[in-house]
There are 2 protein chains.
Amino acid sequence: MTSALPRPNLAIGAYRHLKRDIIRGVYAPGEKLRMSDLKTRYDLGVGPMREALSQLVSERLVTAVSQRGYRVAEMSIKELEDLYDARAQLEGLVLELAIARGGDDWEAQILAKAHALSKVVEVHSADDMLDIWDARHQAFHGAIAAGCDSPHLLQTRAWLFDQAERYRHLWLCQTVFSAEALDAKRHEHAALTDAILARDAATACTMMREHLMTPVPIIKEVLREQGLV
Amino acid sequence: MTSALPRPNLAIGAYRHLKRDIIRGVYAPGEKLRMSDLKTRYDLGVGPMREALSQLVSERLVTAVSQRGYRVAEMSIKELEDLYDARAQLEGLVLELAIARGGDDWEAQILAKAHALSKVVEVHSADDMLDIWDARHQAFHGAIAAGCDSPHLLQTRAWLFDQAERYRHLWLCQTVFSAEALDAKRHEHAALTDAILARDAATACTMMREHLMTPVPIIKEVLREQGLV
DNA sequence: CCTCTAAAAAATATCTATATTTTTATAAAA
DNA sequence: TTTTATAAAAATATAGATATTTTTTAGAGG
């Protein structure tokens, strides 16, 4: 049937796998990605691997120089600071629009996602805890942003999120396994939800911008400790 | 010398050329891009062509379905409206930050670019006129945006610009060859510059958002006339 | 006329071979 | 010791061959 989606080709799988590995820090910033190693690790040939790398170049997670190969993109304190500032500013804009444009359903969704997020207190295995908490955390923030009712703004937001994900991962590893940090987050999320439901745009946007900047000093510390910059 | 940049590979040239063709409307929205045709037109083999397409897929100018090939991304009135709304909102945010963060040099640059833009009145050949005016127009708006002092916000701005470029091209073709339209633009740009130099953020941002929306009805008309949607 | 089936043609995706470029190792000269 | 040159090894990029999938065409049956 021509209407059913065919099986994803090899490049798609390699793209997903390599992207995940980059975000999780399997490769160091600036590390050379040699085709002979990639072919083995991701179990495919040169053609599809180059396709996957081409996409990651477009997404700025990988840098390419003709005849010199591919490298994982660098990280820096300066980039971290600008990236998080940009994200905070954009999230403030998106929230302001959401408060202006979002309806009752939007509010209901926020409450539902906030509830699910606050329920993550049980101790699981390391990877499970990180994935579960973050999935719910993203769903919470995603529900808030969705009220802006602009696919392109959300796309733009996702782009910055993608750029930030390597940095975020460092922060996640510090946060998700600390009951104290999770508790602080829980309080921030609750206060944020209150301001949003009160439709207090000025307060909510200020809180949101500040909320988004809280990981920055933590990430800086980790970057230095791990000698990543 | 390893420090000199090597010659760009075939994929890079194909990417640039195909992207330009898509933006200029050489292909219809949704049109199938067959590899046999692409190989001939852009004079290269399957491998590099697939690499170029992979990048354009990441940039959303091309859609891909495994085993079914590649198509130029669709266009729609709905997308146009959301895209321009998103751009206007983001440009407002960027301008607000620029007014807060930009210095004297920033003001000087705006004046210089505004001047160069206003000087495009001479009649040139069709392609020259379009390219010259648009280069100066982009430089003018780019100079304004640069004051936000955030590479990532500017990257985000560029992303939306890229998405909009196909639509913009339709508007450009209507505007650049009309003395009346150019005159109206000249007045808008002058008023905008005045508000910015006066550091009147509220007025400037409102004007900017409105300024960015002015092409929308024109583009809608063109889309309908040309049966593109 | 429409629908279904099978075969042929066309298109897609990937591997392999190969030409080209870069990097590395080594030896010689300063 | 450092620098330069050269050869060998490794890496990069691409064309062409080929297996697989999809689309088109033709013919038969209702």
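Reader: What should I know about the model and the conventions?
Author: This is a predicted model, in which local features need pLDDT of at least 70 and side-chain atom pairs count only at pLDDT 80 or more, while totals for chains, interfaces and linings use all residues. Residues are numbered from 1 along each chain as its sequence is written, chains are lettered from A and ligands numbered from 1 in the order in which they are written, and side-chain values use heavy atoms, with hydrogens and water left out.

Reader: How is chain A divided?
Author: Chain A has domain 1 (10-72) and domain 2 (77-225), with bounds from an automatic or database domain assignment. Their centres, taken over C-alpha atoms, are 28 Å apart.

Reader: How much do the two domains of chain A bury between them?
Author: About 870 Å², 49% of it on carbon and sulfur atoms. Buried area is the accessible area (1.4 Å probe) that two parts lose on being put together, summed over both. On the domain 1 side, A:Ile23, A:Arg24 and A:Leu61 supply 58% of the area buried against domain 2, more than any other three residues.

Reader: How many salt bridges between those domains?
Author: Two, a salt bridge being a side-chain nitrogen of Lys or Arg within 4 Å of a carboxyl oxygen of Asp or Glu. A:Lys19 forms a salt bridge with A:Asp162, with the closest N and O atoms 2.6 Å apart. Helix α1 (residues 10-23) of chain A gives the most to the side of domain 1 that touches domain 2, with three residues.

Reader: Switching to the chains: how many residues are in the contact?
Author: Chain B and chain A each put in 42 residues, where contact means heavy atoms within 4.5 Å. The area buried between the two chains is about 3,300 Å², and carbon and sulfur atoms give 50% of that.

Reader: And salt bridges across that interface?
Author: Four. B:Arg50 forms a salt bridge with A:Glu51, the closest N and O atoms being 2.7 Å apart.

Reader: Which elements of chain B touch chain A?
Author: Those giving two or more residues are α3 (46-58), α4 (77-101) and α7 (151-175) of chain B. α4(B) gives the most, with ten residues.

Conventions
Helix = DSSP H or I, 4+ residues; strand = E, 2+ residues; numbered from the N terminus.
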